[in-house]
Each structure stands twice: as C-alpha cells, then as structure tokens.
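Here is a short briefing on one protein chain. Keep the sequence and the 3D view side by side as you read.

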Amino acid sequence: MNPKKIYLSRFRRAIPFAFPNKRSLTRQVNQMLDDYLEMFPNATLAQMMADLGKPEATAQSYLQDHEQDKVRHVSRKSI
C-alpha cells in the first residue's frame with residue numbers, strides 16, 4: 001500500500017464518523033498530500049509523518065480548531 005493511502009486512512013479514522021465537513025476536510029488533506037508528493041515523489045510514510053506530522057495529530061488539531069462546527073451540527077440536528 002502506498003504511503004499516501006495509509007496516511008489518509010489513518011487520518012479518516014481519527015475524525016469522528018458524523019463530524020460535519022469530514023469529506024471536505026479529507027479532500028483538503030488529500031490535496032496537501034498530492035502537493036507534498038509532487039515535491040518529494042519518493043517519500044516514505046515515515047518521511048511524510050516527520051514533515052507533516054502524524055495523521056492522528058493533524059486530525060486532533062483540526063477537531064480542536066473546529067469544535068464549534070460540531071456544536072452547531074448537533075444543535076441543528078436536535079431541533
């Protein structure tokens with residue numbers, strides 16, 4: 001399996017299933033990985049994680065920055 005697929009898979013697993021905008025976020029990370037691999041085409045997973053951070057840490061960072069999105073989503077759903 002290629003490093004990009006592994007990184008994306010781990011990233012997606014770290015985001016809750018029902019988190020709003022999960023697809024959009026995944027597309028953004030996919031584009032980030034494409035850009036990275038364009039500059040470093042032979043990068044390994046270890047190199048990607050050293051340069052970009054672990055996928056779980058990236059996901060946690062996004063969740064912390066967008067906690068309000070989750071609250072709004074839950075509020076709308078319960079109304």
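**A loop residue to start with**

Asn21 sits in the loop between H1 and H2. The model is predicted. Asn21 is not a glycine, yet its phi is positive, at about 65°. Its relative accessibility is 46%, so Asn21 counts as partly exposed.

**The whole chain**

- The protein chain has five helices and zero strands.
- Along the sequence, the pattern reads α-α-α-α-α.
- The protein chain has 79 residues, and buried residues make up 27% of them.
- Take the contacts between residues at least 6 apart in sequence: 65% of these join residues at least 24 apart.
- The accessible surface of the protein chain is about 5,600 Å². Carbon and sulfur atoms account for 53% of that surface.

**Helix H1**

- Helix H1 covers residues 3-14, which is 12 residues.
- How far apart should the ends of H1 be? At 1.5 Å a residue, H1 should span 16 Å. The end C-alpha atoms of H1 are 17 Å apart, which agrees.
- Which residues of H1 are buried? They are Lys4, Tyr7, Leu8 and Phe11.
- Seen down the axis of H1, these buried residues fall within an arc of 95°, so they line one face of the helix.
- What covers the buried residues of H1? The cover includes helix H2 (22-39), helix H3 (45-52) and helix H4 (55-65).
- Asn2 caps the N-terminal end of H1. A side-chain oxygen of Asn2 lies 3.1 Å from the backbone nitrogen of Lys4. Lys4 is also one of the buried residues of H1.

**Aromatic pairs**

- How many aromatic pairs are there? The count comes to two.
- Phe19 and Tyr62 form an edge-to-face pair. Their ring centres are 6.0 Å apart, with 75° between the planes. Planes over 60 degrees apart count as edge-to-face.
- This pair links distant parts of the chain. Phe19 is in the loop between H1 and H2, Tyr62 is in helix H4, and the two are 43 residues apart.
- Are Phe19 and Tyr62 buried or exposed? Buried means under 20% relative accessible area. Phe19 has 5% relative accessibility, so Phe19 counts as buried. Tyr62 has 15%, so Tyr62 counts as buried too.
- Tyr36 and Phe40 also pair. Their ring centres are 5.0 Å apart and their planes are at 45°, so this pair is tilted.
- Tyr36 has 6% relative accessibility, so Tyr36 is buried. Phe40 is partly exposed, with a relative accessible area of 41%.

**Helix H4**

- Which residues of H4 are buried? They are Pro55, Ala59, Tyr62 and Leu63.
- They cover an arc of only 100° around the axis, which puts them on the same side of H4.
- What is on the other side of H4? Gln64 and Asp65 are there, and they are exposed.
- Tyr62 ties two topics together: Tyr62 is one of the buried residues of H4, and Tyr62 forms an aromatic pair with Phe19.
- Helix H4 is also among the helices that cover the buried residues of H1.

Conventions
Residues are numbered from 1 along each chain as its sequence is written. This is a predicted model: local features need pLDDT of at least 70, side-chain atom pairs count only at pLDDT 80 or more; totals for chains, interfaces and linings use all residues. Side-chain values use heavy atoms; hydrogens and water are left out. Helices (H or I, at least four residues) and strands (E, at least two) are DSSP runs, numbered from the N terminus. Buried means under 20% relative accessible area, exposed over 50%, partly exposed in between (1.4 Å probe, protein chains only). Contact means heavy atoms within 4.5 Å. Accessible areas come from the Shrake-Rupley method with a 1.4 Å probe; for residues, only the protein chains shown count as cover. The expected span of a helix is 1.5 Å times one less than its number of residues. The arc is that of the directions from the helix axis to the C-beta atoms. A polar contact is a pair of N or O atoms within 3.5 Å; within protein, one must be able to donate a hydrogen and the other to accept it, and residues adjacent in sequence count only if both atoms are side-chain atoms. Rings of Phe, Tyr and Trp (its six-membered ring) pair if their centres lie within 6.5 Å; planes under 30 degrees apart count as stacked, over 60 as edge-to-face and the rest as tilted.
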